[in-house]
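This report looks at a few charged residues and their surroundings. Please have the sequence and the structure open while reading.

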Amino acid sequence: LFVESVVKQNPDVETEIIDPKIVDVKYDGNNNELKNPEYFEKTLSADGFIIVSPEYNHGIPGSLKRLLDIEYNNYNYKPVFMVGGSDGPWGGVRIIEALIPILKCLKMIVLHSDIQFPNVDKQFDANGDILDKKYIERVNKSLKELIWMSEVMKKARIEKK
């Protein structure tokens with residue numbers, strides 16, 4: 001929610017949280033492929049992505065991997081930056097590293113400016129507010145790069161057609 005709150009302060013960005021655990025994915029009945037028409041439309045219309053996820057046993061939650069797998073073409077040539085978190089000192093580095101080859105396979109443009117939250121349970125106060133205000137600056141820096149690359153890649157995708 002912290003990342004979303006920072007992103008929503010930018011009037012040039014439309015954002016929506018999609019929780020992989022609650023997206024209903026079913027077989028399409030034709031090709032026996034997993035699909036969700038609503039999610040398909042969201043990924044098709046998106047110009048860029050932010051993936052925020054905890055580490056799960058040093059890797060990727062299965063629900064996130066499933067969403068990445070079902071809309072391969074909709075991710076092509078779209079930028080993404082990642083935010084990882086863990087309750088230990090690594091701060092989501094492992095999920096970010098595990099995601100890179102998957103995102104490259106999806107032909108996504110993986111941005112350099114990822115963000116890690118080590119000891120995530122100690123990063124926020126009782127109200128859920130971030131303690132280290134430098135994280136706001138980090139999210140804004142990553143967002144600025146995402147917006148720029150989204151505009152560049154959108155133009156390139158249009159010209160490619």
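## A pair within helix 2

Lys42 has a relative accessibility of 25%, so this residue counts as partly exposed. The model described here is a predicted one. The side chain of Lys42 forms a salt bridge with that of Glu38, with 3.1 Å from N to O. Glu38 is exposed, at 51% relative accessible area.

## A pair between distant parts

Side chains of opposite charge can pair when their charged atoms come close. Arg157 and Asp47 meet in a salt bridge between their side chains, at 3.2 Å from N to O. This pair links distant parts of the chain, 110 residues apart: Arg157 lies in helix 6 (residues 134-160), and Asp47 in the loop between helix 2 and strand 3. Arg157 counts as buried at 18% relative accessibility, whereas Asp47, at 26%, counts as partly exposed.

## The wider set

The whole structure has eight salt bridges. One of them connects the side chains of Glu4 and Lys8, at 3.2 Å from N to O.

## Glu55

Glu55 sits in the loop between strand 3 (49-54) and helix 3 (62-70). Its relative accessibility is 16%, so Glu55 counts as buried, the cut-off being under 20%.

Which backbone nitrogens does the side chain of Glu55 reach? They are those of Gly92, at 3.3 Å, and Val93, at 3.4 Å. Leaving out residues up to four places away in sequence, Glu55 touches several others, including Trp90, Arg94 and Ile95.

Note on methods:
Residues numbered from 1 in each chain as written. Predicted model: local features only at pLDDT ≥ 70, side-chain atom pairs only at ≥ 80, totals over all residues. Heavy atoms only, no water. Helix = DSSP H or I, 4+ residues; strand = E, 2+ residues; numbered from the N terminus. Buried < 20%, exposed > 50% of the residue type's maximum accessible area, 1.4 Å probe, protein only. Polar contact = N/O pair within 3.5 Å; in protein donor to acceptor, adjacent residues only side chain to side chain. Contact = heavy atoms within 4.5 Å. Salt bridge = Lys/Arg side-chain N within 4 Å of Asp/Glu carboxyl O.
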